[in-house]
Structures are given as structure tokens and as C-alpha cells.
Amino acid sequence: MATNNNTKINLWYKQPARRWEEALPLGCGRLGAMVMGGVSRDDIFLNEDSIWSGKPTDRINKDAKKYLGRIRQLIREGKIPEAEKLSMMALSGTPNSERSYETAGNLAIFFDNEGEYTDYRRELDLGTGIVTASYKIGSTEYTRKCIASADYQVIAYHIEAGRSGSGDDSGLLNFSMRLERCHNRQDEIIYDDDEIGFHVTSDEGHPFAVKARVVTDGGSITSIGEHLVIEGARAATIFIDIHTSFYDKDYLKAGSDNLDRAAASGWDKILENNIKDFEDHFNTMSLKLSNVNAKDNALGGISKRELPTDERLEALKKGEEDPELFAIYFMYGRYLLFASSRGTCLPANLQGVWNNSMTPPWESKYTININAQMNYWIAESGNLSDCHMPFFELLKRVCENGKKTAEKMYGCRGSVAHHNTDIYADTAPQDHCISSTFWIMGEAWMATHIWEHYLYTGDRKFLEEYFYILDECVAFFKDFLIRNEEGKLVTSPSISPENVYIMNNGIRGCMCEAPTMDIEILTELLTDYIKAGQTLDIDEKKIKDAKDILADLPEIKIGRYGQIQEWLEDYDEQEPGHRHISHLYGVYPGTSISIDKTPELMKAARKTLERRLSYGGGHTGWSRAWIIGLYAHFMDGDKVYENLNALLCQSTFNNLMDSHPYGAGAIFQIDGNFGAAAAMLEMLVQGDGERFRLLPALPKQFSTGSVSGLCLRGGYELSMEWKDQKVTSYEIKRRENTSYDDTDKEIEVEVNGKKQVVKL
């Protein structure tokens, strides 16, 4: 059910985007677009989520199983350099890298505008998914609107010119357009009277076609070479279709049929459907933040909400408070997931669905040692459960391939994936990188999302459908774990992503037995498995086996600095300010370490984070987002705000997309947006389905506000208002469409420091 929100939530600017990282994003899951909003030339950068390099291949190293025992022995004997050298040869994938996500191209539009333009405004309305650019030249007003339609699976770009009233044709549209792809990455140009496009078949990935068709109100359309020329039109709509053989064997026909359908329906109908789609499925949640105690709620006598987004961000960097900007940033995080992960599509990758390169950093694939999982932390609590489903569809394919990897590499039953996967759900080790490659917990971490989705939805059919994946993951570790010298069950070989330790003899290493993160993920996986198994009444022996493994895992240790040890040994770190904080997984997003259950470990966890930050940690957007969530669980609102503020001021482009340091500059990587949005909800409420704590870590800068449509574990939904950091009213109710069937349920709610028992 849509949440009533009378305040328009938007990003807006007084000038066109100067580079791709300033463009405004649109998406409908499978398709994505970045709209520049230029005046004499506009570019719409295009993406389709199944355009990747290469074909599927078996990358499993044929010598892995042969040398596994020797590698384990070398690690046990402390001969780490030897173990790592042998692993590089015997365990690395062959070839060592998976496939790369690629751009679909861009539509370049050239307008015959003469004269200086005024009154320019570029805007993304988060509540409708419409990008608008408007300006005047003389007395003529030009307006362009662009959407990514989920119903019609097209990018639709509509242009109008307001008549000047002078009796001449200055109010008419004259423009030309062509489709491009990285200068020469096209094979065949497609053109017709009202349509242009190109066809790509020469790459080893899935062949595809990009097409653009124009429908005008008046005027003429002429095709000249690879251009379409539009003259004298009162209005025009460009429909852009991208189809690949990944989804449609006859993708050329599918694309043509899709354009026929869109053109027949027309702009008005497609726009109407798009607005309703957002109203029904995205506007299910609202968040308002303010600080009535702030000394200055305006900038230069102008309300901040009257300022463009880039100027608000710049003011924040200069020390101004702007709670509303953080609320916009939160809704933007939800918007990006809604735009990049819904319907029949692949899950959001390192860039969601937006990429303008043939060779993006880290191939823009799925890094499953945190990044892909972080993309979906906002899905359940942020009232976007359906957006989680593409993640689970990929997980199914990962599990199937992981069975082959488990057997061929390790001689184990069950299923395993390492720290990356791609469009083909590849599960073999990725890269020649000691600090990340040889980690066997990727699928296990992904699988914990199964129980999380069930906790929020109560969807027993979903749990029944996906339980086998939990079963396969547990089966793998039944075979893979070995006993250490203390008799504990440990992973070997493994690493703590992506850090390096220093042994007492000065030798540096990565490979080890049972890094702390492995123990914490296994604890989560096994606990989820046991609870899911009990819910579904599976074989008691399987549950007992899981409990036995759980009981035999090593304990989490506290080191000489009062910190949680990252490894079983209390090693120093080569990079104590490392971006990964892997050993705090148990605090968040895991659940094994908490103030209520393990106060001593929680104290050590905070010490761990403070030590990381004292050495410069948190310098990437996604790492800072993780830190915000951790401080929320430490119930420190001041630190939550400090790190949220740092994220926006240091790791955010002007279009509010997350920036990641890369070389001498920065690149877009989406996990910081998703992770920070999820962490903001952790500052508002925390709970396990039976007990909830309201406003556990609310910053004083957000002292007054409200939230509605916030989803809770147990199948609940929270609406709440607060003032002066105190809850003034709240309601917890059953979510619509939840599958939970218990009635007269009682839950415990801590409100303003006092516990209440609430009967639903």
C-alpha cells in the first residue's frame, strides 16, 4: 500500500551534467539510463544488465584437489609463503578472471537551438522516476522528460517546445540523433524511416541489439545514414529498446515487438503507468528528518530546500546542517535499488545497472565478500522485499555451479562459491590476489539472506523453495572443516578479506585457518539453518549435525589491544586502517554479537572499530556505510551522524551516487548508497522479531522526525514520530501481504528507555 507523502522528494540542478558521474539515473531492473540533460546536445547513456563479455567456461583448477592437503599442512606448520605460492598455482581459477559487465552504448541527440538559454532546471523526482530538463531560449520553453518503464521495458524520452506566440516556427522541435557505443563497438547499423539502432554479435558474450524509434506530433522524420533527423515537430517521443539473447532467443524480434507496443501506447499512457507503478511499489515508505534546535535552518536567507542539490551538498561540506538532505539521500538509496533490481533481471552489481565502460573497475561484477550482500541490506527493512528476488535467482545458479566447484576443488559434497561471481554464476576463485582470492564463504554469506527474507515476510513457500541452498552450504562445511590442534573445527585454507597479518617472525601472510569472519558467518549460517529446519520440520539428524558443528567452532577471541582478533592468533595487521572490518560481521549485519547477548565482545568490537578508524579506516563509501551500521548497534548517535556526514562530504558525487577512490580520482560504486540507507534505519529501530528498541542511535541532528512503512523482522511495519530525540507516538502492525498467521502476538518494545509489552 502506498504511503501518503505530500512533500516532493527530488534531486535538482541549475546546469546540465558535465560528466557521466553527474548525470541522473533511471532504471526498471533490466534496463538503466544516465541522463545528462545537455542543451545543444543531450546524451542518454544506456545499460542492459545481461550485456557482459565472454561466454561461460569451466575455470576450476584441475590440480586443486591434488594439492589441497599439502596447502593445509603448510598453513598448519606456519609455512605461509610456501602455502600461498602453491595456492596461487593450484587453487587459482584457470583462467583467473570472470566476465565483465559492459555498457550498451549511448543515444546522442543534437538540437538545433540558437541563442543563449535561461531558466535551466534538471531534476530527478524520486516519487515518480521522472528525469526532467527544462530551459528557455528566447520566449520558447523546452521541456524533456525521461523514464525507464517497467511495464513496457523501454526507456522513453519525451520532448516538447512551448510555442512563442509570434506566428513563426520558433516553438517547433528540430533535432537529429544517433546511437553510439564506445566509438567502434558495433557490428551492424539498423535504420528505417523512424528507427535507428545497432546489432552486436562479434563479442563472445550474448548478442544484442539497441534500437531507438521516434514518434512525433507533426513535422517530419528522415533517416540519413545512421542518423534520424526530426524537423518541425510540436512534440516527439523517443522509445529505446535493448534486447539480448540472454532473455530472448529471438531478441531482434522481441525488440521490434516491444517498440511496436510502446509506440502504439504512446507517451501519455506509458508515463501514467510509470507514475502508478511508483505509487504502488516505491512510495510505500517515507522518512522526514529535522532539527528544530539547529541555529541556522537557512543559507543566505534561502531555505535549503530551495537550493539545488549540489549547492546543498557543498554547504554540508562547509559545516551547515541539512537533515532533509540526509532524508533525500536515504530515499535515493531505496530508489537506486528499485531502479536496478526488480522483475525479471539480474541483481544489482557493483554499479547497480549503470556503467559507461567496456572495462569497468573490478569488472563491475558481483563481489560477494561484502559488496553484493550490502546492496541488499536495505531491501527488507526498506519495504522493497520484491527487489530482493533477483539476488535469490542468482543464488540458485550459484548453488548449482558451486556443487561442481565443491567436488572438483575440495572433494566435498554441498556447494561453495568464493569472493566473486558474474552473469554466469561462476563460483571458482577470482584473480591472482592472495588477500582475497582463496576465501570460501561467499555463497554461505549469500545464503544467510534466505532466512532474513523469511523473517521479514513469513513466506513459508519461499523458505521451502530455497532451503535446499542452506542445506547445500551446510553440507559443504560438514566435509570441508578440519580439526585444529585444540580440536576445534576450522576452515582451511581461508583468508580474512582483504587484509594481511604480520607474524611474530615478521613474515606477512593472508592464508590461514579460521579467520574470525569465517567463524561468524558459519555461526549465522548454521543458526539460520537450524531455525529454518525447525520451521520446516526437516530431519532431526540434520539439525543435530548442524548444532554439533556450531558447538565445535572456535570462540571469538579478544586480543592484546582489547580488540576482537581478526585471526585465531593475535597478529598485528599490515594495514590496521583497512577498509574491510571483516571480524565485526557478527555485530552487523550478523547477529551473534550484541549488547544484550555478549556485552564483553561488544565492548571489544567497539574497540576494534575505534582502532581501525584511528589508522584512517572508512575511506571508501561502502566501508563508511558499514561503520554507520556498526555505530548504530553500539547505540552511538553522535558517531552515526559523524560518519554519515563524512560519507556525504567525502564519498558522494553531486548526483548523490557513491564515489569510490580509484587511482588519482574516484569512480561510482553503488554499495555505499545501499549500505548507508540500510544503516540509517538501524539508527531508528533494531529488533529480532520478538523484541524491538526504538531510536537506539538517533543523532541529535535528527532530533525531530517521522517514519512510516519501515519493515521489521517478524512481519511487522513501523510508523513513528519523535521530537527532541524522544518517541512521541508509534504504531507497529502486521505488514500487508505477510504470510505470518499468528494472532494475538505479543512483542516487547523499548520506548524512551522503558520496556512495553505490545499486543498486536
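Let's start with a contact: Leu-313, Leu-316 and Lys-317 of helix H4 meet Tyr-641, Asn-645, Leu-648 and Cys-649 of helix H15. Contact here means heavy atoms within 4.5 Å. Helices (H or I, at least four residues) and strands (E, at least two) are DSSP runs, numbered from the N terminus.

A word on the source. This is a predicted model, with local features needing pLDDT of at least 70 and side-chain atom pairs pLDDT 80 or more, while totals for chains, interfaces and linings use all residues. Residues are numbered from 1 along each chain as its sequence is written, and side-chain values use heavy atoms, without hydrogens and water.

Back to H4 and H15. Nonpolar covers Ala, Val, Leu, Ile, Met, Phe, Trp, Tyr, Cys and Pro; charged covers Asp, Glu, Lys and Arg; the others, Gly among them, are polar.

Now the geometry. H4 spans residues 309–317 and H15 residues 637–650; they pack at about 130°, axes 9 Å apart. Axes are lines fitted to C-alpha atoms, for helices over the stretch in contact, and angles run from 0 to 180 degrees between N-to-C directions. That angle makes H4 oblique to H15. The cut-offs: under 35 degrees is roughly parallel, over 145 roughly antiparallel, 65 to 115 roughly perpendicular, and the rest oblique. The crossing is left-handed, meaning the near helix is turned anticlockwise from the far one by less than a right angle.

Next pair. H11 (residues 516–536) and H12 (residues 540–551) pack at about 155°, with axes 10 Å apart. So H11 is roughly antiparallel to H12. H11 also passes H12 in a left-handed crossing. On H11, the contact residues are Thr-523, Leu-526, Thr-527, Tyr-529, Ile-530, Gly-533 and Gln-534. H12 brings Lys-542, Ile-543, Ala-546, Lys-547, Ile-549 and Leu-550. The classes are seven nonpolar, four polar and two charged.

Last topic: cavities. On a 1 Å grid over the protein atoms alone, a cavity is a set of points where a 1.4 Å probe fits but cannot get out; lining residues have an atom within 4 Å of a point. How many cavities of 30 Å³ or more are there? Six. Strand S26 (572–573) and helix H13 (599–614) each give two or more lining residues. H13 has the largest share, three residues. By class, the lining holds five nonpolar, four polar and seven charged residues.

Technical notes:
1 Å grid on protein atoms, 1.4 Å probe; cavity = no way out; pocket = protein on both sides within 12 Å on 5 of 7 lines; lining within 4 Å. Points joined across faces, edges and corners; volume = space filled by probe spheres on them.
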